Amino acid sequence: MNPLYPLEPAGENIWLYQPPMTDHRTTRHGYPALIVMCTWLGGATPRRISKYVGYHRQIFPGSAILLIMTDMIDITVRSFSAIRSRLQPARKVIRSILGPDAGNIDKNSNAVLLHIFSHGGSNTAIQLILSMQNPRHPSGIRRLPLQGIVFDSCPGDTTFMRNYQASVYSLPPASLPIHLMSKMLLFPTIGVITGLQTLGITSSISKMQKQLNDSLVISARVPRLYLFSKADETIHWEEVQAHLDDATVRGYNVSSVVFHKSPHCALIVEDEKRYWGAIQQFWEQIVNTNVPADVVKGEAEVALNIPKGIRESRL
């Protein structure tokens, strides 16, 4: 049984949903042609991911959805070239949906909404964007035509304990005996990885933070929405706020909504209506104006026609 139905596998940890042809109203109704979701590292189970997919399908019924999941090795030992090779099926999907001229399109036509979660999703998104700019990995289009980016619970800092806490989420359930053994082995492993990052031998979270605010990687013309929680113990809200402030100084059009009780990458547990209302309003502002989206109000709420089964679901 497919755990992520109606998505279908398109590659290693890559899944695709294509709306029925009768619902393909992307340009006419202002939906994104494609929503690219890059998930967080730990705890991103099919059940949890499916809730986000379900909401995106409800809000943007004419949009295709490309889901890219992240493994522990993607942010530890796997090289950039290996990650970009793994993402080849994703580039193929993007090319098939957007067409060869997508990199030169006008505003609001065949646009992409990028939705990234935590450091794992941030790293995957950066490698996807850079691989499509790399002539050695031609995508068939000149660049990924981003129209908006949603940052969920990211980015944060580079401390050892923060890396360790984030990695614990990817371990087997605590009820299993293997959890304790894995946790014991994880501590020295993260220590070595953090040391290599500090020495500049491997890519660091610090570099990733800078790339996310680098106009050569992500154009400053692409509006962004930060969603984060003051109760997040994995990535502290002050770290996200600092990145947000730096983006503003660099000329990015920034929106933000702050939650107060949610744990890491579980903002919809606190208030799913506010979460999805902010995303819907963010996109509508992009589509309905000729300039980047305005700041989303902290208490943004948009009336959503959410099916009962989705509305009552919880992580």
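**Around helix 8**

Tutor: Let's start with Gln 211, which touches Ile 126, Leu 130 and Val 217, not counting residues up to four places away in sequence. Contact means heavy atoms within 4.5 Å. This is a predicted model, in which local features need pLDDT of at least 70 and side-chain atom pairs count only at pLDDT 80 or more, while totals for chains, interfaces and linings use all residues. Residues are numbered from 1 along each chain as its sequence is written, and side-chain values use heavy atoms, with hydrogens and water left out.

Student: Where is Gln 211 placed, and why does Gln 211 count as buried?

Tutor: Gln 211 is in helix 8; a helix here is a DSSP run of H or I with at least four residues, a strand is a run of E with at least two, and both are numbered from the N terminus. Buried means under 20% relative accessible area, exposed over 50% and partly exposed in between, with a 1.4 Å probe and protein chains only. Gln 211 has 14% relative accessibility, so this residue counts as buried.

Student: Which residues of helix 8 are buried, and what puts them on the same side of helix 8?

Tutor: They are Ile 205, Met 208, Gln 209, Gln 211 and Leu 212. These residues cover an arc of only 165° around the axis, so they lie on the same side of helix 8. The arc is taken from the directions that run from the helix axis to the C-beta atoms. As background, an α-helix has 3.6 residues a turn, so residues three or four places apart point the same way.

Student: Why are helix 5 and helix 8 called oblique to each other?

Tutor: The axes of helix 5 (residues 118-133) and helix 8 (residues 205-212) come within 10 Å and cross at roughly 60°. Angles under 35 degrees count as roughly parallel, over 145 as roughly antiparallel, 65 to 115 as roughly perpendicular and the rest as oblique. Helix 5 and helix 8 are therefore oblique.

Student: Which residues make that contact, and how do they divide by class?

Tutor: Helix 5 brings His 119, Ser 122, Asn 123, Ile 126 and Leu 130, and helix 8 brings Ile 205, Met 208, Gln 211 and Leu 212. By class, that gives five nonpolar, four polar and no charged residues. Here Ala, Val, Leu, Ile, Met, Phe, Trp, Tyr, Cys and Pro count as nonpolar, Asp, Glu, Lys and Arg as charged, and the others, Gly among them, as polar.

Student: What makes helix 4 and helix 5 roughly perpendicular?

Tutor: The axes of helix 4 (residues 88-98) and helix 5 come within 11 Å and cross at roughly 65°. Helix 4 and helix 5 are therefore roughly perpendicular to each other. Ala 90, Arg 91 and Ile 94 of helix 4 meet Leu 128, Ser 131 and Met 132 of helix 5. That contact has four nonpolar residues, one polar and one charged.

Student: How do you know that Ile 218 is buried, and which residues are in contact with Ile 218?

Tutor: Ile 218 has a relative accessible area of 2%, so it is buried. Ile 218 sits in the loop between helix 8 and strand 7 (224-229). Leaving aside neighbours within four places in sequence, Ile 218 is in contact with Ile 129, Leu 146, Ile 149, Leu 212, Arg 224 and Tyr 252.

Student: What share of the protein chain is buried?

Tutor: Of the 315 residues, 52% are buried.

Technical notes
Axes fitted to C-alpha atoms, helices over the stretch in contact; angles between N-to-C directions.
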